[in-house]
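Student: I have a new structure open and would like to go through it. Can you take me around?

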Amino acid sequence: MLAGAGAVLGLAAAPAQAAEVSFATRCVPPAGVGLDPVNGTTKVEITAPAGAKVGDAIDVVWKFTQAASKNPNIIDLPADSVQPTGTLKASGAQSADIAMTGPRENPAIPKGGDMVLSDMKGTLKLTAAGKLTLTPGAYTVNAMGTNTVCTPTETVPAAGTIDVAAGDGTPTPTPDPTDTPTPTPTDTATAAPSDSPSSSSSSDDGQTDFTGKAVDIPYTCQSPLGEKKATSTIQINAKKNGGSYGLTVQFKNSPMDSPADIPADSVKPSMDVVLGGADKGSVHVEGPTNSGAIKSGDPIEIPDMTGTYKPGATGESTLSPGVLTIKALGTTTTCKPDSTAVSLTLTTEEQEGGASGGSSSSGGTSGSSTSGGLAATGADDHGALKALGLVAGTAVLLGAAVFTFMPGRRTR
């Protein structure tokens, strides 16, 4: 299902290069819908600059040159209802995961029709000279509020190599490929390797901005249709201000669809970010209400949520997405993670009245947690679940079944 191609912007002096690779892929439908994982072949065409220099921010785009799936004979997919996201891995001169995102743009896809997925784009700040290799990784396809997660099942061939010169433009020797590349420190936070969360030190050369890793969090929500499950990609970023940190929680995709027309300024999200490591408890963050009306069936997009983290301990403290609460039309719906993952790690210093052992904010629906785990929460008003049902049953089935692979099919 995957394919990639890209045009790199802002590097007119360096010609673009494009390469196509293919690899076996296993896609897992949303949990709880009774469909087995499916296997197929992904083809990706990556376009990237042939050369650049340390300090440049390169833009990369990938294109789906062959979708290995069809829309099952369950439901017609409306226009602009499918959105791909994924990860492009950089290795060699530096190691990083490049977050790739495509717009929710597709023609109407009838039952049994070929899948059409938009191009995905991402940006990487270059921090070390040498040869930089780009390799496609896992990706997620969001269809009408449900996610299908696709992972390579074999070693993926490199899809492009960039010659990165030193900051002054002077070429430097390429490291022996048998040597383990050593990351070069930088004052600008870059994407972290996929096997570890972003880790930043609050005392590193006066650094104040810290970028977290985008992590996939499976949520379970209650509705009149029973339990509904959806996976959202979430990233936690921080900005240091004195001894505290301003947090921003970003949802890369929506975990739910609207069951009815909802007017503007009537939906408000919040979350309790879970603390771990040296610190314990939670941090309450909130987002603004929806600026425009939401039509029935449209995704309920979660805006950036913000809050303040005042450390209650000294050491390595972790931040993970926690319970999500949506208030709409006077009702409250609560979604709990089935499991969570660390998005950001900070080297913190204890502040008087900090979060350790409790919550750094009096807001939110969760109580304190002395173990760093999720606090027990639930919807107090069951009428909320009737007013804001999450992901209609047909949409869940669609998200699970939409990637029944049919190798060899091509799509424009």
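Student: Let me start with Thr85. Is Thr85 buried or exposed?
Tutor: Thr85 is buried, because its relative accessible area is 11%, under the 20% limit for that label. Keep in mind that this is a predicted model.

Student: Where does Thr85 lie?
Tutor: Thr85 belongs to strand S6, which covers residues 82-92.

Student: And what is Thr85 in contact with, leaving aside neighbours within four places in sequence?
Tutor: Thr85 is then in contact with Met100, Thr101, Met120, Tyr139 and Thr140.

Student: Let's step back. How many helices and strands are there in the protein?
Tutor: The protein has two helices and 25 strands.

Student: How much of the protein is buried?
Tutor: Of the 412 residues, 49% are buried. The protein exposes about 17100 Å², and 51% of that comes from carbon and sulfur atoms.

Student: What about contacts between residues at least 6 apart in sequence?
Tutor: Of those contacts, 74% join residues at least 24 apart.

Student: Now the rings. How many aromatic pairs are there?
Tutor: The count is two aromatic pairs. One of them is Phe210 with Tyr245, with ring centres 6.1 Å apart and planes at 65 degrees, so that pair is edge-to-face.

Student: Which strands hold Phe210 and Tyr245?
Tutor: Phe210 is in strand S13 (residues 209-210) and Tyr245 is in strand S16 (residues 244-251).

Student: What does Tyr245 form with Tyr309?
Tutor: Tyr245 and Tyr309 form a stacked aromatic pair, with 6.0 Å from centre to centre and 25 degrees between the planes. Tyr309 lies in strand S19 (residues 305-309) and Tyr245 in strand S16, so this pair ties together parts that are 64 residues apart in sequence. Both Tyr245 and Tyr309 are buried.

Student: Change of topic. How many salt bridges does the structure hold?
Tutor: It holds seven salt bridges. One of them joins the side chains of Lys63 and Asp119, at 3.0 Å from N to O.

Student: Where do Lys63 and Asp119 lie?
Tutor: Lys63 lies in strand S4, while Asp119 lies in the loop between strand S7 (96-101) and strand S8 (120-125), so their pair ties together parts 56 residues apart in sequence.

Student: How covered are they?
Tutor: Lys63 is partly exposed, with a relative accessible area of 35%. Asp119 counts as partly exposed too, at 27% relative accessibility.

Student: What stands opposite Lys63?
Tutor: Glu45 stands opposite Lys63 in S4. Strands S2 and S4 pair in the antiparallel sense over five bridges.

Student: How many residues of S2 are buried?
Tutor: Nine of the 12 residues in strand S2 (residues 38-49) are buried, which leaves the strand mostly covered.

Student: Back to S4. What about Phe64?
Tutor: Phe64 lies in strand S4, which spans residues 57-66. Phe64 is buried, with a relative accessible area of 3%. Phe64 and Lys43 are 21 residues apart in sequence, and their C-alpha atoms are 6.7 Å apart in space.

Student: Give me another salt bridge.
Tutor: The side chains of Asp97 and Lys89 meet in a salt bridge, at 3.7 Å from N to O. Asp97 counts as buried at 11% relative accessibility, whereas Lys89 is partly exposed, with a relative accessible area of 30%.

Student: One more, please.
Tutor: Asp338 and Lys229 also meet through their side chains in a salt bridge, at 3.3 Å from N to O. This pair links distant parts of the chain: Asp338 is in the loop between strand S22 (331-337) and strand S23 (344-348), Lys229 is in strand S15 (residues 226-241), and the two are 109 residues apart.

Student: How exposed are Asp338 and Lys229?
Tutor: Asp338 counts as partly exposed at 43% relative accessibility. Lys229 is partly exposed as well, with a relative accessible area of 24%.

Technical notes
Residues are numbered from 1 along each chain as its sequence is written. This is a predicted model: local features need pLDDT of at least 70, side-chain atom pairs count only at pLDDT 80 or more; totals for chains, interfaces and linings use all residues. Side-chain values use heavy atoms; hydrogens and water are left out. Rings of Phe, Tyr and Trp (its six-membered ring) pair if their centres lie within 6.5 Å; planes under 30 degrees apart count as stacked, over 60 as edge-to-face and the rest as tilted. Helices (H or I, at least four residues) and strands (E, at least two) are DSSP runs, numbered from the N terminus. Buried means under 20% relative accessible area, exposed over 50%, partly exposed in between (1.4 Å probe, protein chains only). A salt bridge is a side-chain nitrogen of Lys or Arg within 4 Å of a carboxyl oxygen of Asp or Glu. Two strands pair if DSSP finds at least two bridges between them. Contact means heavy atoms within 4.5 Å. Accessible areas come from the Shrake-Rupley method with a 1.4 Å probe; for residues, only the protein chains shown count as cover.
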